[in-house]
Amino acid sequence: MYRAGIIGCGKIAQLRHIPEYAARQDVRLAGFYDKNTARAKELAEKYGGENYHSYEEMLSDPKIDVVSVCTANHSHAEIAVTALRAGKHVLCEKPMAVTLSECERMAEEAEKSGKYLVIGHNQRLLRTHQEAKRLLEAGEIGKLIFFQTSFTHAGPETWSIDAGKNVWFFDKNKAAFGAMADLGIHKTDLIRYLTGDEIVSAQAVLATLDKKDGEGNLISVDDYASCVYRLGRGAVGTMTVGWSNYGQEDNSTILYGEKGVMKIYCDRQYSLIIEKRDGSSIRYELDQIQTNDGQSKSGVIDEFIDCITEKRVSVISGEEALQSMRAVFSAINGAGGGNGAAEREGGNR
Ligand SMILES: NC(=O)c1ccc[n+]([C@@H]2O[C@H](COP(=O)([O-])OP(=O)(O)OC[C@H]3O[C@@H](n4cnc5c(N)ncnc54)[C@H](O)[C@@H]3O)[C@@H](O)[C@H]2O)c1
């Protein structure tokens, strides 16, 4: 039996982590901590665990075996490293952390402690993405030539448990980056996962185009990012992410190969479509993309716990996330601002 502690009891903890732990026979929700003490207390009363007064108090308690870090981005590294040092297995939400050195420190600490560090890259666990990877590896569209991937929606201000225009996601001190790290990290990681290739160079434009805070000022982080990624085996592609899409959420990826085209989450009914060069097509009805309004099981908690039990390397390990973060930081560091600023190219090694 694993005794799980939840650090940060907001939306992602309440919609995914807590119910997915609660659904397992081999896990007991054993403790909660949030800087909003009433929030943690309420959950402790509901699920029967301890209500801790600091994350250090939870992490020094031998009654906790595994923890979920679901706090604002700037605190991920500090909490995850403390947890690993305290001998806990850690599931940390994305983005892994807010600087590359923090990400490296987390991966090093996981290695040193021998404990699991898993990052909430749920896109890798979607059935359609897993099937897409299998078909790409089987050569269904041949050698990859170019790709495009998008993740755009109306922004996190209605999503957060502390919803509103002054949400922490818009605060550079707490979030560090905007759409690029919130959404871009998912798609950067997805491209690495699907292609099995590394991003060797990145160009990007990050901009704050539309999103405003409660005072009517443009927010202090990007609400739009567009990147051009070059992969090790030669394919080139674009990633567009944004928080100012006020129509239907877009979470699509298209891969263009020598033998055909693979379209992922471009069609509401058929989540995966392959269009062959000879004009034929194959349509797969596998699942529907998770959206802010349409939540489904993430599978991240099952992956975390099953990996520990089965002693296997996770597909969403800290090491994998570190490589994806390298590409994100490379893009951010080389990026120009909006309004026509010049872009620079940055390598990620
Ligand atoms: N995997 C995904 O698709 C996904 C989706 C949404 C959010 N997230 C990530 O999950 C994390 C949490 O996001 P959310 O949507 O739940 O936000 P939220 O605003 O709904 O909740 C955050 C909670 O953390 C608490 N908190 C913040 N900093 C803290 C600290 N230092 N110590 C203790 N408690 C703290 C807040 O009081 C709040 O209860 C973020 O890093 C976010 O990027 C991931």
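Mentor: In this predicted model, 49 residues line the largest pocket, and Ile12, Cys70, Trp159, Trp168 and Phe169 are the ones nearest its centre.

Trainee: How much space lies in the largest pocket?

Mentor: The general idea comes first. Rolling a probe the size of a water molecule over the atoms shows where empty space is left. Here, the largest pocket holds about 1,000 Å³ of space.

Trainee: Next, the aromatic rings. How many aromatic pairs does a search of the whole structure find?

Mentor: A search of the whole structure finds five aromatic pairs. One of them is formed by phenylalanine 146 and tyrosine 256, which are stacked, with 4.0 Å centre to centre and 5 degrees between the planes. This pair links distant parts of the chain: phenylalanine 146 is in strand 7 (residues 144–152) and tyrosine 256 is in strand 11 (residues 253–257), 110 residues apart.

Trainee: Is tyrosine 256 buried or exposed?

Mentor: Tyrosine 256 has a relative accessible area of 19%, so it counts as buried, the limit being under 20%. Phenylalanine 146, at 38%, is partly exposed.

Trainee: How are the rings of phenylalanine 170 and tryptophan 243 placed?

Mentor: In general, a pair of aromatic rings is described by the distance of the centres and the angle of the planes. For phenylalanine 170 and tryptophan 243, the centres are 5.6 Å apart and the planes are at 50 degrees, so the pair is tilted. This pair also links distant parts of the chain, 73 residues apart. Phenylalanine 170 is in the loop between strand 7 and helix 7 (172–175), while tryptophan 243 is in the loop between strand 10 (236–242) and strand 11.

Trainee: Which residue lies over the face of phenylalanine 151?

Mentor: Lysine 187 does, at 5.6 Å from the ring centre. Arginine 283 lies over the face of tyrosine 270, at 5.7 Å from the ring centre.

Methods: Residues are numbered from 1 along each chain as its sequence is written. This is a predicted model: local features need pLDDT of at least 70, side-chain atom pairs count only at pLDDT 80 or more; totals for chains, interfaces and linings use all residues. Side-chain values use heavy atoms; hydrogens and water are left out. Rings of Phe, Tyr and Trp (its six-membered ring) pair if their centres lie within 6.5 Å; planes under 30 degrees apart count as stacked, over 60 as edge-to-face and the rest as tilted. Helices (H or I, at least four residues) and strands (E, at least two) are DSSP runs, numbered from the N terminus. Buried means under 20% relative accessible area, exposed over 50%, partly exposed in between (1.4 Å probe, protein chains only). A charge sits over a ring if NZ of Lys or CZ of Arg is within 6 Å of the ring centre and within 35 degrees of the ring normal. On a 1 Å grid over the protein atoms alone, a cavity is a set of points where a 1.4 Å probe fits but cannot get out, and a pocket is an open set with protein on both sides within 12 Å along at least five of seven lines; lining residues have an atom within 4 Å of a point. Grid points are joined across faces, edges and corners, and a volume is the space filled by probe spheres set on the points.
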